[in-house]
Amino acid sequence: MKINRWLRTALITCAAVFSFGIGVSAQTASAATTPKYTTVSTTTIKKAPYHKKSAAGAIYNLSHTKKIANLKTYPYTTWYATKKVTLKNGASKALYYKVSNGSGSVSGYVWHNYLTPGKSPFGLKYAQSAVALDMNTGGTVWSKAADTPRPIASITKLMTLYLVRQKISNGDGTWDSKVNTSNAGLKKLGKDKDFGGFKFTKNSYTVRDLYLAGLIESSNNAAIALGQWVAGGSTPTYNKKFINMMNAQAKLWNLTDASFVSASGMEQNSLKPFGYSIGGANANLVSANDVAQIAKHFIADYNDVLTDASIKSMTLDGQKLYNYNNMLPGRKYYQKSLNVDGLKTGYTVPAGYCFVGTGRKAGHDRIITVVLHDQNEFTETRSLMNYVYNNKLA
């Protein structure tokens with residue numbers, strides 16, 4: 001049935017007015033029937049620790065007119081209760097605790113059934129995967145999704161630099177061996193605003209120079225050039241050969257959750273403009289457990305890597321190499337007792353913030369920690385290290 005324009009407009013207008021009237025009526029009724037919380041009784045108690053039972057629940061002000069925080073946004077948090085409060089909501093009464101977190105930055109009232117007595121178990125809020133390994137025993141002492149392969153960004157360079165050291169140890173080169181750096185793609189990469197850093201101003205550098213650039217500054221072009229040198233050449237063809245060597249080494253170490261497509265840790269779509277994409281998966285995928293094994297082999301076989309990894313900054317070829325490990329002495333997250341002296345940072349958008357940390361607290365074994373796809377990699381690494389040592393796990 002067709003409706004003329006005037007009648008259709010009139011009907012729409014009437015419907016809108018009718019709907020608006022219903023909406024206002026519903027809102028008014030809702031506001032009028034909103035249950036009010038009133039205090040029935042309050043008892044002060046000895047400060048007691050609690051933690052959340054599940055992801056459900058929230059902390060409110062006393063009258064429940066304002067939500068302070070959702071419990072799920074504060075995982076692994078110990079809440080300290082100082083009062084028991086009985087609140088009345090309509091005809092119902094319920095027991096609530098007045099709580100605050102350890103720092104006192106969040107406080108309010110929470111239904112008692114959302115909490116369970118005792119301190120919160122240790123955990124990392126942001127890292128999607130993590131592991132702590134005792135270097136002496138080789139055993140894993142704490143883990144979180146540690147067997148899940150993930151992009152690892154510049155953590156990759158630990159494998160690349162290990163194979164450089166292996167070649168030198170086998171007598172096939174020295175620190176003073178010259179590495180060809182004339183490739184136009186690598187020179188362009190060094191100048192890139194996102195992936196550059198150490199610029200190739202010469203057509204060759206020593207192995208030692210590029211090793212330090214890769215380890216300290218996390219230079220991508222230095223890592224690729226070194227990989228080609230290990231594979232016996234200086235072109236993208238040798239880059240692909242080197243990546244095969246990386247995967248062969250992973251297999252030799254029985255790293256079942258490790259797959260490499262890049263010598264630097266850059267993803268394939270980022271490498272393509274520079275002529276270094278080899279196809280296949282977009283990123284290196286390695287589990288936290290396997291990253292820890294790579295680090296363990298590196299430290300065990302070439303312990304002086306810790307001396308180099310502790311260098312906070314230096315000048316090479318007129319350029320400053322800056323170490324992004326902010327747990328070293330003098331840096332923001334430094335803690336003297338942990339004696340952190342390595343090892344490698346990493347970041348790309350797919351990988352998030354990654355960090356392999358290592359240190360040895362006096363009277364304890366050296367530990368290696370790995371956090372992958374983190375947001376607060378140094379804070380969480382420090383928490384993990386302290387947890388391991390405070391609980392005498394290493």
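In this predicted model, methionine 314 faces leucine 321 across a pair of strands, the leucine belonging to strand 16. The pair consists of strand 15 (residues 313-316) and strand 16, which run antiparallel and are joined by 4 bridges. The two strands form a hairpin with 2 residues between them, and in this hairpin aspartate 317 adopts a positive phi near 55 degrees. In a regular strand, side chains alternate between the two faces of the sheet. Strand 16 (residues 319-322) has a covered face made of Gln319 and Leu321, whereas Lys320 and Tyr322 lie on the uncovered face.

Strand 13 pairs with strand 14 (residues 285-286) through 2 bridges in the antiparallel sense, and alanine 258 stands opposite valine 286 of strand 14.

The loop between strand 13 and helix 7 (268-271) contains serine 262. This residue is buried, with a relative accessible area of 1%. Two backbone atoms are approached by the side chain of serine 262: a polar atom of that side chain lies 2.9 Å from the backbone nitrogen of glycine 265, and the side chain reaches the backbone oxygen of methionine 266 at 3.0 Å. Apart from neighbours within four places in sequence, serine 262 is in contact with Thr156, Ile243, Met246, Leu271 and Asn284.

Burial is also the theme of helix 4 (residues 207-217). Of its 11 residues, 10 are buried, so the helix is largely enclosed by the rest of the structure. Serine 218 follows helix 4 and has a positive phi, near 65 degrees.

Tyr347, Val349 and Tyr353 make a nonpolar surface patch of about 330 Å². Tyrosine 353 lies in strand 18 (residues 352-359). Its relative accessibility is 37%, and tyrosine 353 therefore counts as partly exposed, the limits of that class being 20% and 50%.

Definitions and conventions. Residues numbered from 1 in each chain as written. Predicted model: local features only at pLDDT ≥ 70, side-chain atom pairs only at ≥ 80, totals over all residues. Heavy atoms only, no water. Buried < 20%, exposed > 50% of the residue type's maximum accessible area, 1.4 Å probe, protein only. Pairing = 2+ DSSP bridges. Patch = residues over 30% accessible without salt bridge, like charges linked within 9 Å, V, L, I, M, F, W, Y side chains within 5 Å. Areas by Shrake-Rupley, 256 points an atom, 1.4 Å probe, with all protein chains shown as cover. Salt bridge = Lys/Arg side-chain N within 4 Å of Asp/Glu carboxyl O. Polar contact = N/O pair within 3.5 Å; in protein donor to acceptor, adjacent residues only side chain to side chain. Contact = heavy atoms within 4.5 Å.
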